[in-house]
Structures are given as structure tokens and as C-alpha cells.
Amino acid sequence: MMLELQVRRADLKETRLARRPLPDLSGGEILLAIDKFAITANNIGYALIGDSFGFWSYYPAEQPWGIIPAWGFAHVVASRHPGIAEGERVYGFLPMASHAVMRPDAVSAGGFTDAAPHRAGLPEFYNQYQRTSGEPPALTALEDERCLLFPLFGTSFMLSDYLVDNDFFGAEQILIGSASSKTGLGLAYLLAHHEGKRPRIVGLTSARNGKFVRGLNTCDDVVAYDGLDSVAADRKTAFMDMAGNGALVEAVHRRFRENLTLSCAVGGTHWDAPRVRVNVEGAPKHNFLFVPLQIAKRDNDWGPGEVQRRAQLASMKIAESVRGSLTIKHPSGAEAVQSAYLQLVSGELPPDVGLVAALSTPL
């Protein structure tokens, strides 16, 4: 049987465990048994924009239910593709489930693309899978971090690159909304280690997470959300928002107005906060940054595979820097994974805890 953790699209706190028979494979398909996947605020972000950007379509479920995709590892338990052997292990964009069926295409020694018909037209970045045999030991040793942190830090890398590529939009300071989030702390790390002149880094976070963010030593200042008035309003400011809280966005816009050179929506760690906000005269629009567009630009600038190489190197550095600051928990089994997901979506998970889950018994 195949086991799936499904969520109600209109209410991410409502879940069910769905079981159905494993499908028969057609020619060219493979069946993956999923060993582990990360559950993070990034996954909630996929769900929040699932209709607009196609994230519900990677692993379809009968409406009103959906399957949230996650990053993880799986191994091939059956193959009808001549270039993929049973027993191989892969890393990539997987469902919160026990199994997945794929149709490999563009197979190389390093990976393949899932060319399943229902994934045609979806962002290509999420259709690519890495074959893990032959990977360097330094990367293999970071397997949990690769599930939990690398996708988030990969996003951090592209956000940092977006700012650098645009000369920081002329900003003298960068506000990071939800600086305790993995994407936020990764962005702060990369900005702090930027070679050459950089803007001042201000991490915005909740009062309870302030100590954690300060302990990372990557922000020039850490400010609680209700302390926004302490941030200088007369400086050119770029706002990179991982929180997705409409009230915070409006407060930032009212505080900085014409000095706000960029207001960029990235994620939604405050996923249940209202997103409705008024336009503030003088302030720019708060626009969503679709990271694959920057990836596509850099693919053209740098050549195929270079974005992935650079992002992976950056992710390894950030992961090593925060390893002592994070505790990784491993919920295993249907009920434990369901409970862990609900803990995250309810905002009960501390920022120094990460979840790498397995619906079935992992390898």
C-alpha cells in the first residue's frame, strides 16, 4: 500500500492519512520508496502558493485535499526504465508519502528529470533529481541537513544573489522578516559574509526567537516585530520578507515609505496571519519573488549546472555554521509524522528544532 499525508487546501491544519494500492508501472517508469523528507515552513509556503504556482500539481490528490511536496531521499524499489536500477538512491522534490512513481528522462550519471505528463509545464527546477552514488563523503555526511536545510539555504543563496545582482537595490540596510526561519538565517549568513561593501543587516523576529537569532552572530541588529520604530527610517532600505504577515508588511511600508527601495515577498512563516494590506503612498508594491526566475537568469549567465553547484557549496557552508545551533528530530510512522506536521503548522515548533520525517520505516 501507498501511504500519503494529505492536507485540506483551504485549511492546512486539517489532515488525513490516505492509503491506496501501489500502482502498476508502465514502461519507462520507476517506483520510489521514500526514506525521509523534511517538514519545514518552506513546505507551508509551497501550500500557500500552490494554486498560483502549481505546487499542488506535482503530486495530485483528489480535491479538496492536496499533497505538499518536500525535499528528501528515496530509493528505487521497482524499475521499468533501462537506465535506472533497482536499489539506486535519489534526492529531490518528493511527496509527503511513502512512495512515488516517476518517469525518468534526460538520464545522466548525476541525475534525471521526471517527465511524467502531469508535470509538463511546471517549473523545471523541481523536476530534477540527483543520483547519489559517487557523491563526495562531505556531502553524504550532511544527509539530514540536505533534506532540511539545503533547499532553504538554496533559496537563501538565490535571494542573496538577487540582491547582489541588483547592487542591493541601492539599500543601506536590509530588513529580513522572520530572521529565525531557515531561509532568513541563511540569507543573513550570506549577506554577512559577502565580499566587499554590503548594507547593514537587520533581522526582524518575534521576541521569543530573538535570543536564537542573536546567537547566530550574522545580523548587525536583531529587532522584535513590535520594535520596528527603533530601526532608522531615513536610510534606503530593502525588505526581504519570509513572514508573509500583512500587518508587518504594512508597518514596514508606513515606517520607510519612499526610502523603501524593495519590498519582496518570499515565504509565509506566519502562514495564518492576514495578508490583506493597504497600499501606502510613497512605498513600492510588495511583490512576490519567484526564485526559479532568478535561477533561470543565472543558468543563462553562468551556464548549465553552475547555479546548483554554487548553491550547494553555499548550503554546505551555512549548514556547517549552524550545526551546533539546531536539533534535528526524526518522527517516524504515520501518526508521528502527522503530529509533527501539525506542530509545525500550529507554530509550536521552536526555531532551533528541525524535522526530518519518514512515513514508513526508513533505511
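The legends below accompany close-up views of a predicted model.

**View 1. Confidence across the predicted protein.** The mean pLDDT of the protein is 91, and 96% of its residues reach a value of 70 or more. Among the elements, the lowest mean pLDDT, 82, belongs to helix 2, which covers residues 50-53, whereas strand 8, formed by residues 104-105, has the highest, at 98.

View 2. Zero disulfides are found when the whole structure is searched. Cys-264 takes part in no disulfide, and the cysteine sulfur nearest to its own, that of Cys-219, lies 17 Å away, to be set against the limit of 2.5 Å within which two cysteine sulfur atoms are counted as a disulfide. Cys-264 is buried, with a relative accessible area of 2%. For Cys-147 the relative accessible area is 2%, and this cysteine is buried.

**View 3. The second largest pocket and its lining.** Two or more lining residues come from each of helix 5 (150-165), helix 6 (182-192), helix 9 (291-302) and helix 10 (306-322).

**View 4. Residue classes in the lining of the second largest pocket.** Seven residues of the lining of the second largest pocket are nonpolar, three are polar and five are charged.

Conventions: Residues numbered from 1 in each chain as written. Predicted model: local features only at pLDDT ≥ 70, side-chain atom pairs only at ≥ 80, totals over all residues. Heavy atoms only, no water. Buried < 20%, exposed > 50% of the residue type's maximum accessible area, 1.4 Å probe, protein only. pLDDT = per-residue confidence, 0-100. Helix = DSSP H or I, 4+ residues; strand = E, 2+ residues; numbered from the N terminus. Nonpolar A, V, L, I, M, F, W, Y, C, P; charged D, E, K, R; others polar.
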